[in-house]
Amino acid sequence: MSDYNAYVTSINKIFDYLSKMKVGWSSLDNKNYIESIEEYKKDVIQNADKFKTEVQETKSLEALGND
């Protein structure tokens, strides 16, 4: 498994657990804390895309060096 795939899998698990906790908890404070974490989901997705691009660029540069 590539680093990118491991990163995406981990992030998906985190947000999956958060959604399950949000449903299971009755405390309004806890739900608000979870919602504040979920606000970062868009940023995490953007950074995952950036990470994927950097990994692809690194691999293409390594391929150039092997000629």
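The model is a predicted one, in which local features need pLDDT of at least 70, side-chain atom pairs count only at pLDDT 80 or more, and totals for chains, interfaces and linings use all residues. Residues are numbered from 1 along each chain as its sequence is written, and side-chain values use heavy atoms, with hydrogens and water left out.

Both Lys20 and Asp16 sit in helix α1 (residues 3-24), four residues apart, which is about one turn of the helix; helices here are DSSP runs of H or I with at least four residues, numbered from the N terminus. I then checked accessibility, where buried means under 20% relative accessible area, exposed over 50% and partly exposed in between, with a 1.4 Å probe and protein chains only. Lys20 counts as exposed at 53%, whereas Asp16 is partly exposed at 34%.

Next I turned to Lys22, which forms a salt bridge with Glu35, their closest N and O atoms being 3.5 Å apart. This pair links distant parts of the chain, Lys22 in helix α1 and Glu35 in helix α2 (residues 28-38), 13 residues apart.

I also found a salt bridge between Glu38 and Lys22, with the closest N and O atoms 3.4 Å apart. Here too distant parts of the chain are linked, since Glu38 lies in helix α2 and Lys22 in helix α1, 16 residues apart.

I noted that Lys22, Glu35 and Glu38 are linked in a network of salt bridges.

Methods. Helix = DSSP H or I, 4+ residues; strand = E, 2+ residues; numbered from the N terminus. Salt bridge = Lys/Arg side-chain N within 4 Å of Asp/Glu carboxyl O.
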